[in-house]
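Please read these notes with the structure open beside you. They are numbered so that each can be checked in turn.

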Amino acid sequence: MKILLQISSLFITFILSSSIANASADKTPEQLEHDKWLKLRFSAQHERLIPVVAVADMFFACDQAKNSGNANYQVKELVEDMDRNLLAEKLTACLAGATTKSDIALNYGLHGCFSEQLSSLPAQQKLDQMAVVTASISTLSREERQKSFTRCVTDQSISYLK
């Protein structure tokens, strides 16, 4: 049984990783090279952007789950337009006592990040992929979820450098 759980966990991690890979699989070699150049050229900016994107992902998914806001937020708008302090305040309020280091915040972050990563898919395909993400989150260890979130946010942040 333990081996089955480990194999299942590895399979789910692969699915989450492949979701990110599929989101960038459509890129041409030139686009991938451009992304690499952006990362090198703007590495300091990229490093400062990563926590903002992470907070935006967490707030986006938290707000969606609780439907607490009347505004229909988009992650891109949260990252590019919202004041950083206001974004942090909104996340704190939405988390209702949980910290940004909590499991609930991490799970919201994964939902938010993958939601944006998969946003270019047709609606039904996105729903199907998000169902896989949701199912996967409940079976992964905190360490695996943290690695997936870090990888997703790092890749996602590159798009804001363009």
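How many aromatic pairs does the count come to?

1. The count comes to one aromatic pair; rings of Phe, Tyr and Trp (its six-membered ring) pair if their centres lie within 6.5 Å, and planes under 30 degrees apart are called stacked, over 60 edge-to-face, the rest tilted. F59 and Y73 form this edge-to-face pair, at 5.1 Å centre to centre and 70° between the planes. The pair links distant parts of the chain, with F59 in helix α3 and Y73, 14 residues apart from it, in the loop between α3 and α4 (75–80). Helices are DSSP runs (H or I, at least four residues), numbered from the N terminus.

2. This is a predicted model: local features need pLDDT of at least 70 and side-chain atom pairs pLDDT 80 or more, while totals for chains, interfaces and linings use all residues. Residues are numbered from 1 along each chain as its sequence is written, and side-chain values use heavy atoms, leaving out hydrogens and water.

3. Both F59 and Y73 are buried, meaning under 20% relative accessible area (1.4 Å probe, protein chains only).

4. L118 sits in the loop between α6 (103–117) and α7 (123–137). Is L118 buried or exposed (over 50% relative accessible area)? L118 is buried, because its relative accessible area is 4%. From L118 to M130 the C-alpha to C-alpha distance is 8.2 Å, and the two are twelve residues apart in sequence.

Technical notes:
Helix = DSSP H or I, 4+ residues; strand = E, 2+ residues; numbered from the N terminus.
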